Amino acid sequence: MILRNSYIFLFVLIFSCASAQRKERLEKLKQKLESTKGVEDTNRVKDLILMARMMYRSDNQYSLKYSKEAVVIASKLKRADLQMDALNATADGFWYVAEYDKAFDFYYKAYKLADSIGNKK
C-alpha cells in the first residue's frame, strides 16, 4: 500500500512539474511571437507552427489562428516545406475538434504540395 501511494505521489509530482514547464515554454513563445509581430521570416513560421501544435488541445481557436498565419507567411516566403507543416498543423487543429471535412481539406492540400515537390515524408 505504501509503495502504491509512493508511485501515485511520484506520478503527480512529475506531471505537475511537466505542466509548469509547458506553461512557461508557452509564455516564452507567446512573448517571442508578440515581439516579432509583422516580421515574416522562417523563424516566425516555425514558432507559429510550434505554438499551434502546443495549443490545439488547450485553446483550439488560437491554435488555428497561429497555424493559418504560418500558412500565409510560408506561402509568401515560397517555403513549401514550412507550408506543408503549417497545413498539417491546421488540419490537426480541425481534427481535434471533430471538424473532419476541414481537416481532410488541409491534409489533402499538404499532400498535394508534398507530391508536387516530390517530398516523400
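Which residues form a nonpolar patch on the surface?

## Surface patch

In this predicted model, the nonpolar patch consists of Phe104, Tyr108 and Tyr111, which together have about 370 Å² of accessible area (Shrake-Rupley method, 1.4 Å probe, with only the protein chains shown counting as cover for residues). Patch members have over 30% relative accessible area and no salt bridge, nonpolar side chains (Val, Leu, Ile, Met, Phe, Trp, Tyr) being joined within 5 Å and like charges within 9 Å; a salt bridge is a side-chain nitrogen of Lys or Arg within 4 Å of a carboxyl oxygen of Asp or Glu. Tyr111 belongs to helix H5, residues 100-117.

## Overall architecture

The protein has five helices and zero strands (DSSP runs of H or I with at least four residues, and of E with at least two, numbered from the N terminus). Of its 121 residues, 31% are buried, that is, under 20% relative accessible area with a 1.4 Å probe and protein chains only.

## Around Leu26

Leu26, in helix H1 (residues 2-35), counts as buried because its relative accessibility is 10%. Leaving aside residues up to four places away in sequence, Leu26 touches Met51, Met54 and Met55 (contact means heavy atoms within 4.5 Å). The C-alpha atoms of Leu26 and Met54 are separated by 7.7 Å, although these residues are 28 apart along the chain.

## Basis of the values

Residues are numbered from 1 along each chain as its sequence is written, and side-chain values use heavy atoms, without hydrogens or water. Local features need pLDDT of at least 70 and side-chain atom pairs count only at pLDDT 80 or more, whereas totals for chains, interfaces and linings use all residues.

Technical notes: Buried < 20%, exposed > 50% of the residue type's maximum accessible area, 1.4 Å probe, protein only.
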